Amino acid sequence: MASSIELAARLAAVVATQQEVLAAISDLDKVMTLVVERTPEATNGDGAVIEVVEGDDLVYRAASGAAKNQAGLRLSLSKSLSGLAVREKTLMRCDNTETDLRVDAAACRTMGIRSMVIAPLLEGNVAVGALKTFSQEAQAFSDLDVYVLQLLAGMTSAALLHARTYRDLEASEARYRMLFDRNIAGVFRSTLDGRILDCNESLVRYLGYDSREELLAQPAWNLYHQRADREELIRLLQEYQTMLNIRMPFRRKDGTSLLGTISASIIRGNADEPQLLGTMLEA
């Protein structure tokens, strides 16, 4: 039975790993690397692997120790101990790979693995992968090691979900930025009270401003000859959410008029703030 001092030391290692992971949460690959590097230290293992479900296989996404160069290795979900952990959504322990019929002894021998513990990575009720710690020695893991791996697996599941969400959001924002900047139409986003939050270079050229920064410094009302024109547009958007191909005059920087065709929608920004997102082409 583990002493209270040993238990406290292991829990401190888990907390330290969690803090490192949170600091790297915007980088999915770094999160996985941190987990597989810290897991052996916390579980008395020689190496660790994060395996991710892809179709009928588990794929090594990050690894340390003897498995460090095995990224991309594929294991069958139906014929591996890791697959069993994922399918049954429960921890699996192998104290001796030479005698445990559930594992491929030859494959383990190739990587120098003699014992291992595998915990499923769960997102809700779905197993999306596994965290494995392994040792070159048989009978290497204690009940405390198993407990710590379960804690690390729970932390890792949450961290990977957050990291993927962050990565997907960044990708979505990058696509939005590309479409926004490269659009031949003038594109703009503003608050309903008239703050221009974003615009592209096409809108800057249409309205005759010298730079995007100069246009962003203007209140949106300055882009219309009549305040009532924008007020009517906002009223229609609040009623219908989206308006297409509305013709209205805009005011250039030099005061001259530009007849434009505008399509716009009400979207939600930070703190659920309603915003106007629109495009404008010269009519």
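A surface patch, as I use the word here, is made of residues with over 30% relative accessible area and no salt bridge, and nonpolar side chains are joined into one when they lie within 5 Å.

**Entry 1: a nonpolar patch.** With that in hand, I looked for nonpolar patches in this predicted model. I found one formed by L7, L11 and Y147, which together have about 230 Å² of accessible area. I then picked out L7, which sits in helix α1, residues 4–23. Its relative accessible area is 33%, so I noted L7 as partly exposed.

**Entry 2: a charged patch.** Next I asked which residues gather in a patch of negative charge on the surface. They are D27, D29, E170 and E173. I followed E170 to helix α5, which covers residues 143–182. E170 has 42% relative accessibility and therefore counts as partly exposed.

**Entry 3: another stop in α5.** I stayed with helix α5 and looked up A153, which also has its place there. Is A153 buried or exposed? It counts as buried, because its relative accessibility is 3%. I checked its contacts too, leaving aside neighbours within four places in sequence, and found A119, P120, L121 and L131. I also compared A153 with V35: they are 118 residues apart in sequence, yet their C-alpha atoms are 9.2 Å apart in space.

**Entry 4: an enclosed helix.** I turned to helix α3, residues 81–88, and wondered how many of its residues are buried. The count is 6 of the 8, so the helix is largely enclosed by the rest of the structure. I wrote down the buried ones: L81, S82, G83, L84, A85 and V86. What covers them includes the strands β1 (47–54), β2 (57–63), β3 (74–76), β4 (92–94), β5 (115–123) and β6 (126–135).

**Entry 5: a histidine in a loop.** My last stop was H225, in the loop between α7 (212–216) and α8 (227–240). With 32% relative accessibility, H225 counts as partly exposed. Which residues does it touch, leaving aside its neighbours within four places in sequence? I listed P249, F250, R251, G255, T256 and S257. For one of these, F250, I noted the spacing as well: H225 and F250 are 25 residues apart in sequence and 6.3 Å apart in space, C-alpha to C-alpha.

Key
Residues are numbered from 1 along each chain as its sequence is written. This is a predicted model: local features need pLDDT of at least 70, side-chain atom pairs count only at pLDDT 80 or more; totals for chains, interfaces and linings use all residues. Side-chain values use heavy atoms; hydrogens and water are left out. Patches are made of residues with over 30% relative accessible area and no salt bridge: like charges are joined within 9 Å, nonpolar side chains (Val, Leu, Ile, Met, Phe, Trp, Tyr) within 5 Å. Accessible areas come from the Shrake-Rupley method with a 1.4 Å probe; for residues, only the protein chains shown count as cover. A salt bridge is a side-chain nitrogen of Lys or Arg within 4 Å of a carboxyl oxygen of Asp or Glu. Lys and Arg count as positive and Asp and Glu as negative; His and the chain ends are not counted. The place of a charge is taken as NZ of Lys, CZ of Arg, CG of Asp or CD of Glu. Helices (H or I, at least four residues) and strands (E, at least two) are DSSP runs, numbered from the N terminus. Buried means under 20% relative accessible area, exposed over 50%, partly exposed in between (1.4 Å probe, protein chains only). Contact means heavy atoms within 4.5 Å.
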